[in-house]
Every structure is written in C-alpha cells, then in structure tokens.
Amino acid sequence: MRNNKIRMTLILGLTTLAAGCAVGPDYVRPKIDAPVAFKEAQDWKQAQPKDDQPHGAWWEIYADAKLNTLMSQVAISNQNVLVAEANYRKSRALVDASEASYFPTVGLSASSTRSHQGSGTTTDNTGTGTGTNTGSNARGITRNNSLSATASWEPDIWGKVRRTVESNATGAEASAADLANAQLSAQAELAQDYFQLRAQDTQKKLLDDTVAAYEKSFQLTKNRYAAGVVAKADVVQADTQLKTTQAQAIDLEVQRAQYEHAIAVLIGKAPAEFSLPVAPLNTPVPVLPVAVPSELLERRPDIAAAERLVASANAQIGVATAAFFPSLTLNASGGYQSSSFSKWLTAPNQFWSLGPQIAATLFDGGARRAQVRQAEAGYDASVATYRQTVLSAFQAIEDDLVQLRVLQAETEVQKSAVAAAEEALALTLNQYKAGTVSYLNVITAQATAFGNRRSLAQLDSRRLVASVLLVRDMGGGWDAQRMDDADKHPAP
C-alpha cells in the first residue's frame, strides 16, 4: 500500500512539473508595415485623443432623431446581426467545452441483475462463472448487485488542452469582432439608405417646384400665343418640357420605395409594415478627424477578427504537435458488489482500482506530420488574410478621403454654377417677355438651371454617404477594448 502511495505521488509530481510545458509556437502578432499617414489626408485634421470622435452611437454625429430611432432597432431586430450574435454564443460555448478537459471525468453507476445459466455451469460468488456456485439458488438463478464510481483524468502534460482552449478562446474573440462588424455594416448600410431616401425626397421637392415653375411658363406661353405674339411651336415646347419634368418626378417614387423597403429589412420588418414620411435632406456633413493608419489596427472589428484568427491558427499548430507525445491517463474506480442485497454495502464486498495508463502512437504512416503541416499552412493562410484585410482597410480609407475631398471641391463649384444658372434664367425670361429671344432660349436656360440645382442636391447626398463610409471604414468608434469587454461579459 505504501508503494502505491509513493508511485501515485511521483506521477502527480511529474504531472505538476510538466504543467508549464505547451508544445508548439507561442503566438506573436504578425508585423504590419503601416504608413505614417494616409496619402489623401493631407488637408484633413489628424485625430487627437481630445477630439470629439464618434464612439458607440456614431450616427448621432448627424443629429437626426429619426435616424437615431431606426439605428436602435438594428442590433435587436436585424437578422444578420442576430446570426452573428448566435455564432458568438456558439463560440463561447466551444471555449467552455474545451476548458472542461482540464478536469477529470467522474461517473457513477448502480445495477441489480438476476441471471440464469445452464445446469452444467457453476458460478462463483460474483456470478462470473469461474467454478463455485455461491450466490446461486437451487434453480440456478444468480443475483449481482453493484454500486461503483469511476474517475478518469488525462493531465495536460504537453499543453494540448491549453492550446485547444487558446485556439477556441481566440476564435471566440474573433467571433465577438465579427458580431461588432455585422452591427457596424448594418448600421452603415441603414445610414446610407436613409440619406439616399431623404435625397430622393429633396429631389422630389425640387422637381415639384420646377413643375410649378414650368406650369407658369406654359401658361405664359399660351397667353402670348393667344395674343398672337408667339408661334404655336412655343406652346408645344413648353408643354413638352412640363410633361417631361412631371414624368421625372413620378419616376423618383420607384427609387424612394426601394430605399424604404431596404430600411425595413435592415431593422427586421417586412416592407409592408414600415413607412417613412416624406422629409427633405437637410443634414449637414460632419467634420471628421482622421486617425493615423496604425490606429486602424485597433479600431476596425474586421481587422481585429482577422488577427484573432491568426492567433487561433497558431494554437492549432501546438494541438497538432502534441499528438507526437505520449498521453498519460489516471484511472480510479471503486464501489461495492455482492450477490446479497442485505450485505451489499458492507466492507467485505468493497472493491477498488487505481493506476496510470500511458499510450503512444509508434507509427501512423506520416498522418501526424501531415496534420502539423496542415496546421502550419492554415496559419500562413490566416496571416495572409490578416494582412490583406489591413491593406483593404487602408485602401478604403484612402478612397473615402479622396471622395470627400473631391466632392467638397465640386460642391463649392456647383454652388457657383447654380447661382449663375439662376441669374441666366432670370435674364432669359425677361428677354423672352420683351420679345428679343425665342422660347428655345428659355427652355435651354430652365433646363440648365434645373440640372444644376439637381446636381447640387445629389452632391449633398453623395457627401453624406461618403462620410458614412469613412466612419464605417475607420471602425465606427469601435476599438479592440470592446472585444475584450464582450469576451469578459458574453451576450446572454
């Protein structure tokens, strides 16, 4: 008995010493060569810690109450977001399942059986058929009552469990970032659709005002024709221009309805259950300070997710490497077994067993080595994906910056064009009334003025959409700390 205790103490001591050993490479974040600044941000203010940057509810920078109300429904009703949330809970459960391997498996069983054997077979007192008939009655019926507990534990000597937990934990962190990215993408899409819908409302109002002006011109032309001042052709031209503009106003209803339907789906409603009242676009484009490229690595959830997947793939190399080493399992069992129910739970009927088991694979035809190469290839692929994600993020920011800069310059010029076109139209109308120019000049001036006003309205909506894209591509105020918080406080 003393030798058994010494043997078990030695095994447990060796297990404890080996507990710090985990085969496979320790994770080091892949190096990213980030530029010092964005090329297209030369005229932009660089973000500082004191700047009022969007955090969390980034859409509030647009100060639109209706947009705020719609955004509040995305996280709880958008089906794509709910899928990402369920996947995150699934990944957290996988971590819990892998952590269970740190602990022993304990089982308990109880049974009471009666069996009958042929008259030529004798049984011993345990009913195993080894030569005595103790435990059997005259009719050859054997009773066996058993109560036993078993325990089995495989110490994590080579770190296979730790690497598995590490892989699953970093995968859960990536899933948390995926959830944040799904929310950000849905929110950004909602903001874009909302502003484009409001832009349709603005253009509809512009077209309605233009139709009203053309109706006055048409009436003026009819009056002049009735007075014999102008030809019938002027009346026809004015009527054609009026009807064409009315058709354009009607056509806008298609795109507006489609944007409204898209918003309904984004907030988890059927299009038939949702509608937005008409309101023109009057939201100013906010001024957004731009973060330096290196900060983007901590501010974009898709980059964080890709980096965490690299860590997960790195841990899988350790899991595959651990298969080359032997496994040690400690088994223990004990209980009571008797053919008599009344004497079942007594000391003479007690049994137990305790001992280690070591198992190792000596030859597998190269299967384990192939699994290590597979894990290494998976790591290399995840590193490449991470770096490509970062490069794509840099490109997106550069695209957003140049778009906003060019649209801002274009807007300033377009405002001047609108003013010039309005002045030209007023002069042409006066000349037409004086009879010095034909109605064709009026139509040309009206079309030019209308086209410039419509272009200016479109530029306003394009700038707002571009600002949404810039906020989204900078992470929407998200940071890596949010992923850590989500991992510490899982979603219910």
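Colleague: How many helices and strands does the secondary structure of the protein hold?

Modeller: The protein in this predicted model has 492 residues. Its secondary structure comes to 11 helices and 4 strands.

Colleague: Is Ser461 buried or exposed?

Modeller: Ser461 is found in helix 10, which covers residues 439–473. A residue counts as buried when its relative accessible area is under 20%. The relative accessible area of Ser461 is 9%, and therefore Ser461 is buried.

Colleague: Which residues is Ser461 in contact with, leaving aside its neighbours within four places in sequence?

Modeller: A contact requires heavy atoms within 4.5 Å. With its neighbours within four places in sequence left aside, the residues in contact with Ser461 are Phe195, Ala199 and Leu281.

Colleague: Are helix 5 and helix 10 roughly parallel or roughly antiparallel to each other?

Modeller: Helix 5 spans residues 160–226, and its axis comes within 9 Å of the axis of helix 10. The two axes cross at roughly 170°. Angles over 145 degrees count as roughly antiparallel. Helix 5 and helix 10 are therefore roughly antiparallel.

Colleague: How do the residues of the contact of helix 5 with helix 10 divide into nonpolar, polar and charged?

Modeller: This contact joins the two helices whose axes cross at roughly 170°. Its residues divide into 16 nonpolar, 10 polar and 3 charged.

Colleague: What part of the accessible surface of the protein belongs to carbon and sulfur atoms?

Modeller: Buried residues make up 40% of the protein. The accessible surface comes to about 26,500 Å², and the part that belongs to carbon and sulfur atoms is 56%.

Note on methods. Residues are numbered from 1 along each chain as its sequence is written. This is a predicted model: local features need pLDDT of at least 70, side-chain atom pairs count only at pLDDT 80 or more; totals for chains, interfaces and linings use all residues. Side-chain values use heavy atoms; hydrogens and water are left out. Buried means under 20% relative accessible area, exposed over 50%, partly exposed in between (1.4 Å probe, protein chains only). Axes are lines fitted to C-alpha atoms, for helices over the stretch in contact, and angles run from 0 to 180 degrees between N-to-C directions. Angles under 35 degrees count as roughly parallel, over 145 as roughly antiparallel, 65 to 115 as roughly perpendicular and the rest as oblique. Ala, Val, Leu, Ile, Met, Phe, Trp, Tyr, Cys and Pro count as nonpolar, Asp, Glu, Lys and Arg as charged, and the others, Gly among them, as polar. Accessible areas come from the Shrake-Rupley method with a 1.4 Å probe; for residues, only the protein chains shown count as cover.
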